[in-house]
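Okay, thanks everyone, let me get the structure up on the screen.

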Amino acid sequence: MRIAVIADTHNRYPPGFLDQLAPADEIWHLGDVCTPRILDELSVLGHPVFTVRGNNDPDHWPKHMRLEREGHLFHLEHIPPKRPPPDTPFFLHGHTHVPRDEYFLGTRWLNPGAVSLAHRGAPPSFAWLHVVKGHVPEWTIVRI
């Protein structure tokens, strides 16, 4: 599976961004979408779109979700906690607007960075998550 992981669009994305996501099997948005219009535009690509609520999103969206793909379990949440939930091999988050790929407390923490409003010198970015049964998932940050 090839999953496009995005976060922190904050009502906008650059021209041509949707074309970059076209090869995805799924799209995961890690919060701060800000307007449902963005999700409608992502849905036009024809791929399943999964979204968690950021601190600037409607309250009725889920705060977190756990997804299993090809035998791997992923926890999606906008704001990273100090500790991962139990039994969380992969914790994907947004909020900091800075890409991340590190192991901490037995969990691999992944952040695609921000599609808009990048921070601390990080360029706008998203990530590809490649998931194959029996293999360690691969995480690749893409500058926009």
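By buried I mean under 20% relative accessible area, with exposed over 50% and partly exposed in between, using a 1.4 Å probe and protein chains only. Strands here are DSSP runs of E, at least two residues, and helices are runs of H or I, at least four residues, numbered from the N terminus.

Quick caveats before I go on. This is a predicted model, so to speak: local features need pLDDT of at least 70, side-chain atom pairs count only at pLDDT 80 or more, and totals for chains, interfaces and linings use all residues. Residues are numbered from 1 along each chain as its sequence is written, and side-chain values use heavy atoms, with hydrogens and water left out.

Back to S4. Its partner S5 runs antiparallel to it, and six bridges join the two; two strands count as paired if DSSP finds at least two bridges between them. Across that pairing, His 64 stands opposite Glu 77 in S5. S4 and S5 form a hairpin with two residues between them, and in the turn Glu 70 has a positive phi of about 55°.

What does S5 do next? Strand S5, residues 72-77, runs parallel to strand S6, residues 90-92, and three bridges join them. There, His 75 stands opposite Phe 91 in S6.

Now two residues I'd like you to look at. Asp 8 lies in the loop between strand S1 (2-6) and helix H1 (17-21). Is Asp 8 buried or exposed? Buried, with a relative accessible area of 0%. Leaving aside neighbours within four places in sequence, Asp 8 is in contact (heavy atoms within 4.5 Å) with residues including His 29, Asp 32, His 78, His 95 and His 97. Asp 8 and His 78 sit 70 residues apart in sequence, but their C-alpha atoms are 9.0 Å apart in space.

The other one is Ser 125, in strand S9 (residues 125-130). Ser 125 counts as buried too, at 1% relative accessibility. Not counting residues up to four places away in sequence, Ser 125 touches Pro 99, Pro 112 and Ile 141, among others.

Zooming out, the protein chain has two helices and 10 strands. The radius of gyration, taken over C-alpha atoms, is 14 Å, close to the 15 Å that the globule rule (2.2 Å times the number of residues to the power 0.38) gives for 144 residues, so the chain is as compact as a globular protein of that length. The C-alpha trace spans about 35 × 35 × 30 Å along its principal axes. And of the 144 residues, 47% count as buried.
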